[in-house]
Amino acid sequence: MDIFTLDVMAEMLDSPLRFLSYVDKRTGYNEQLYAGHELTILALHLRQNLWIDTKYNMVSLDENIAASLDLAMLVRRGGAEGDRDPTGILTLYKGTPIDRLIRSIDENPNPKIVDLGFMLLTLGGDSLEAINHGLSQVAQKAREDGKLHDFSLGIEGDITGITIHSTDERFEVASPRLMTHCERRKYRHHAPTWFGICVWSADGGIRFGINLNSPWVYDEALEVATSGLKRPSKVSFKNGKVIIKKIGRNEPCTCGSGKKYKKCCLTKYV
């Protein structure tokens, strides 16, 4: 590491979440990655989010990988015409709900949701597409009818997950509702952690967040409360679009209220 490399890292990863997320990933691969210069590894991260399969003992990177980063820095520092950001993680979701979500976490680093930001920056394309879709859908539906709409997704083999509520209800009403939903989702998935956020219907911006982090233990009351709670169906893709199964109108509502779907939260994505 030299001061020039650090300077480039700080410029390309210009938010605390993105910078620290990269450092965390990079230090985890000290024994697996070989490159002639540290900037080659940074360029790989900017292209596809740094991830190396554990089945490989050593991965050697070609210096040509850094060409896109070199061009971006030439635009930024040399005044050349072109794109300031290499095509990849900085451009793929730019301007989308997931991008706005990450930026809002950066701007308001509440301890309850900072870990959510780090988790989002580790996800693969399928999970990010699903969250992107879910965010836009629940906010749109909340704007249209003024009711609460939500979206839940289990992540990384149910190690964790996220529930998103979109509602403009008073905090005193919205907060305990989100807490209850997250507790039941976490229990249903046997997950050690679970994140919950409430977003405004107007722009999908974060109102508040919940971070549940505790070992899963059997709980008789939660067993009863979640007995009719369906696990989120697997996300699939068709013609580039995210396909998420809807709940039937007469099925139990996913919030765990015990009421029929049509009598409770109406439209939910699971």
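The model is predicted: local features need pLDDT of at least 70, side-chain atom pairs count only at pLDDT 80 or more, and totals for chains, interfaces and linings use all residues. Numbering starts from 1 along each chain as its sequence is written, and side-chain values use heavy atoms, without hydrogens or water.

Strands are DSSP E runs of at least two residues, helices H or I runs of at least four, numbered from the N terminus. The four form an open sheet, ordered β3-β4-β5-β6, with mixed pairing; strands pair if DSSP finds at least two bridges between them. Twist averages 10 degrees from one strand to the next. Angles run from 0 to 180 degrees between N-to-C directions, with axes fitted to C-alpha atoms, for helices over the stretch in contact.

β4 and β5 run parallel over 5 bridges. Pick Ile 162: its bridge partner in β5 is Phe 195.

α6 touches β3, β4, β5 and β6, at about 85 degrees to β6; contact means heavy atoms within 4.5 Å.

**The cores.** A nonpolar core joins buried Ala, Val, Leu, Ile, Met, Phe, Trp, Tyr and Cys through side-chain atoms within 4.5 Å; buried is under 20% relative accessible area (1.4 Å probe, protein chains only). The largest has 27 residues; Leu 120, Ile 131 and Ile 164 touch the most other members. A separate core of 25 residues includes Leu 33 and Ile 65.

Conventions
Buried means under 20% relative accessible area, exposed over 50%, partly exposed in between (1.4 Å probe, protein chains only).
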